[in-house]
Amino acid sequence: MSKLSKSRVYVEKNKDKVNSEFRLGYHAMAEVGWINDPNGFCWYNREYHLFFQYHPYSSEWGPMHWGHVKSKDLIKWEHLPVALAPDMYYDAQGCFSGSAIEIDGKLYLMYTGNLNGDPEYPESNRQVQNIAMSEDGIEFKKLKNNPVLDTKDLPDHALPQDFRDPKIFKQGDTFYSIIGSRHLDTSGQLLLYKSKTLESWEYLGVLFHSQNKFGKMLECPDFFKLQDKDVIIMSPQYLERDGDRYSNLHSCVYMLGKMDLENCKYDYEIIDQLDFGFDFYAPQTLADDKGRRILIAWMQMWERSMPTNDKSHGWAGAMTLPRELKIIDGKLYQLPIEEVKNYRVNPVSYQNVKVNGDLSLKGVEGQSVELELDIDALNANTFGLKVLMGEDQQTVIYYDRTEGKVILDRSKNGEDITGRESLEFNKDIRKVPVALMDNKLKLRIFIDRSSVEVFIQEGERVMTATVYPKAYSKAIEFFSDDNISVCNLNKWEIKP
Ligand code: FRU
């Protein structure tokens, strides 16, 4: 049996065996096994397609396949057969991340083939770029001419073992690809290539070089035009912590600037973190028929414990809620995708509720909910809410006026989550500087069993966390050290 068929049969046979305790209800996930990065996220044949790094056989990372789901509205996902398996000499140790492009009704995937060398010499590993094509968006054929970009196509200063995650796009009649790379000086860089045919590519130069000042390897680049800016998104490994920024071991940043493809020049005016929570990595974006730029990310972080794996639940990893991107006042805003509103049921709302101390409200609780809050801080210094509360469990979201920050605390979420960064830094707390608007804090909070996503001040900042409360930990409680007024509170269950 081919590796692809084997993986498909395995998924069918094992999908009902996973432990569903922490499984999410309205986020994209695989049926069984491990997932990481979103791949080939695209709008194709009037549907959204999402591929992802996939190891169906265990809840740990392993030889990478591409899993596949599709959706009409980015909330309800339909599982499709595994799209790519590592079955060729040029991708033998993994079909790593990549992107998609539609050409004349056909769907093309450009992805990285991972090739391990001698285990004693990691520098003998190789990464090359390949293309697969599909007429129906489900069955893919790898091109005969793969790899289309090989070690020989690298500039002298690029390490052949770190050359991955191509972002393919078209401008005029030319295809371009931006690919993550590592310089001989061990820092990260983004390389630019162009092609007329997809089968042979010409090296154009370095678009961005971190010079060992901005992280190591730059993973999963994305590039698009949004309003009047050229945006690059990338995930730098081991970016050094800078105050409240880059507190996770690996980060994800966006740049707003101006791209000159022909001269391989990218000038940026802003570089900043995309999500200030714990679990957000390697996002990809697409443009749909409504002209929206939509982002989705892996809602996890490398080199951390993952409770569903530790507890042998048979799965690990989920995607964030898709977010629409907008540039407002020179900053990138992220808004929860509009379609989630179609799944709101059982509304509960309150107006002008005074809080001083602790307060819970009838009907305001749950593990699969959206909360929309408009809080007037009045004279309070510290105020916020506890969600997923029960016995000694809680996840806390609050504002501290002295610090001028929103703070997310998952220290009592239900499971101890540890990672390499834990030793150096408060492992359970993340903070983001936020200014009140007319003394108000606006939040939209999405809770989905084992995830919390907090959209702050209409998408100006976002914080994302995985959490692992018991099924009974579903209380929500407001708190404040002085008077606040919850001017508007809307709560819905989200039921896809
Ligand atoms: C990012 C990443 C990519 C790579 C893939 C392998 O999370 O490390 O650079 O292609 O995961 O699964």
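Four strands, in the order E13-E14-E15-E16, make up an open sheet with antiparallel pairing; strands are DSSP runs of E of at least two residues, helices are runs of H or I of at least four residues, and both are numbered from the N terminus. Two strands are taken to pair if DSSP finds at least two bridges between them. The model is a predicted one, in which local features need pLDDT of at least 70 and side-chain atom pairs count only at pLDDT 80 or more, whereas totals for chains, interfaces and linings use all residues. Residues are numbered from 1 along each chain as its sequence is written, and side-chain values use heavy atoms, with hydrogens and water left out.

The edges of this sheet are strand E13 (218–226) and strand E16 (265–273); each has a single partner strand, so one side of each is left without a neighbour in the sheet. From one strand to the next the twist averages 25°, with axes fitted as lines to C-alpha atoms (for helices over the stretch in contact) and angles running from 0 to 180 degrees between N-to-C directions. E13 and E14 run antiparallel and are joined by seven bridges, and Phe224 has Val231 in E14 as its bridge partner. The hairpin of E13 and E14 has two residues between the strands, and Gln227 in this hairpin takes a positive phi near 50°. Five bridges connect strand E14 (residues 229–236) with strand E15 (residues 253–260), again in the antiparallel sense; Ile233 is partnered there by Tyr254 in E15. Of the nine residues of E13, eight are buried, so this strand is largely enclosed by the rest of the structure. Buried denotes a relative accessible area under 20%, exposed one over 50%, and partly exposed the range in between (1.4 Å probe, protein chains only).

A further open sheet of four strands has the order E9-E10-E11-E12, with antiparallel pairing. E9 and strand E12 (202–209) stand at its edges, and each has a single partner strand, so one side of each lacks a neighbour in the sheet. The twist in this sheet averages 25° from one strand to the next. Eight bridges pair E9 with strand E10 (residues 174–183) in the antiparallel sense, and the bridge partner of Phe163 in E10 is Ser181. The loop between E9 and E10 contains Asp173, which is exposed at a relative accessible area of 54%. Asp173 and His49 are separated by 124 residues in sequence and by 24 Å in space, C-alpha to C-alpha.

Aromatic pairs were assigned to rings of Phe, Tyr and Trp (its six-membered ring) with centres within 6.5 Å, planes under 30 degrees apart counting as stacked, over 60 as edge-to-face and the rest as tilted. By this rule there are 22 aromatic pairs. One of these is the tilted pair of Phe163 and Tyr193, with 6.1 Å centre to centre and 50° between the planes. Phe163 belongs to strand E9 (residues 158–171) and Tyr193 to strand E11 (residues 188–195), so the pair ties together parts 30 residues apart in sequence. Phe163 is buried, at a relative accessible area of 0%, and Tyr193 is likewise buried, at 0% relative accessibility. Phe446 and Phe455 form an edge-to-face pair, 5.8 Å centre to centre with 85° between the planes; both residues are buried.

The charged end of Arg344 is placed over the ring of Trp492, 3.6 Å from its centre. Arg410 lies over the face of Phe278, 3.9 Å from the ring centre.

Nonpolar cores are sets of buried Ala, Val, Leu, Ile, Met, Phe, Trp, Tyr and Cys residues joined through side-chain atoms within 4.5 Å. The largest has 40 residues, and Phe41, Leu50, Tyr54 and Trp77 have the most contacts inside it. At least two residues of this core are supplied by each of helix H1 (3–14), strand E1 (33–44), strand E2 (47–55) and strand E18 (293–298). E2 provides the largest share, four residues.

The structure holds zero disulfides, a disulfide being a pair of cysteine sulfur atoms within 2.5 Å. For Cys264 the closest cysteine sulfur is that of Cys220, at 20 Å, too far for a bond. Cys264 is buried at 9% relative accessibility, and Cys487 is buried at 14%.

Definitions and conventions
A charge sits over a ring if NZ of Lys or CZ of Arg is within 6 Å of the ring centre and within 35 degrees of the ring normal.
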